[in-house]
Amino acid sequence: MSVQTQLTKGKINLKGSARIVTEFFNYGINSILFQRGIYPVEDFEVKKKYGLDMWVTNDISVAQYLSKIMTAVEQWLAQGAINKLVLAVNARDTRETLERWQFDITVTDEQGGDDQKPAKSEKALQMEMQAIFRQIAASVSFLPIIEDKCTFNILVYADEGAEVPTAWTDSDPLHVKNAEHVRLRSFSTDAHRVEAMVAYRRDTDLC
């Protein structure tokens, strides 16, 4: 697969888009971990990004774990070899999946050479990302309170031929049983489109 490494008439190419999408995933995962209370508040610090105050982990082990995953994700995005990233929130004792945040990825302009389509402005891209982060922050208004102590897992759906780090293992999809689904906003660069949704366990007492 040929990957263009320079900007074309001001447009973001596949490699540049991979960097933008990976950064979004890193901040998105951190935001979900904070908003859903997976770790205590003191394990996070505020950083300014996308014109918003973003909560980012200051736990070294969590940060290193995310960094290793994001390194592989960026490489696969630049190769057009990834179609989905999932953050699963699991109860620590039972391992049941309580929430499943899914980000579907589509390559929209592999070569970065679609001259008929104007380059997307940085402001327009930032506004789309802001909308998703605001939805994540507002998710506490419709998602059930998580009372269990939880862990999280990140699943990456890569092409069969993608080079996978040796420490990585296959996993089941970690679907939520008896789930409700809420589709979130999407964003797109000049080369990728990312669509977000969250699945959560329906409260059977309300059914």
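The protein chain has an average pLDDT of 89, and 89% of its residues score at least 70. So much for the confidence figures; this is a predicted model, and everything I say comes from that prediction.

One stretch needs a caveat. Across residues 1-9, pLDDT stays under 50. The model still has 21 contacts beyond four places in sequence for that stretch.

Next, the secondary structure. The protein chain holds three helices and seven strands. Going along the sequence, the order reads α-β-β-α-β-β-α-β-β-β.

Now contacts and surface. Take the contacts in the protein chain between residues at least 6 apart in sequence: 71% of them join residues at least 24 apart. As for burial, the protein chain has 207 residues, and 43% of these count as buried.

You will find T22 in helix 1, which covers residues 14-35. Is T22 buried or exposed? T22 counts as buried because its relative accessibility is 6%, and the cut-off for buried is under 20%. What is T22 in contact with, leaving aside its neighbours within four places in sequence? The partners are M70, V73, E74 and L77.

To recap the residue: T22 sits in helix 1, is buried at 6% relative accessibility, and is in contact with M70, V73, E74 and L77 once its neighbours within four places in sequence are set aside. That is what I have.

How values were computed:
Residues numbered from 1 in each chain as written. Predicted model: local features only at pLDDT ≥ 70, side-chain atom pairs only at ≥ 80, totals over all residues. Heavy atoms only, no water. Helix = DSSP H or I, 4+ residues; strand = E, 2+ residues; numbered from the N terminus. Buried < 20%, exposed > 50% of the residue type's maximum accessible area, 1.4 Å probe, protein only. Contact = heavy atoms within 4.5 Å. pLDDT = per-residue confidence, 0-100.
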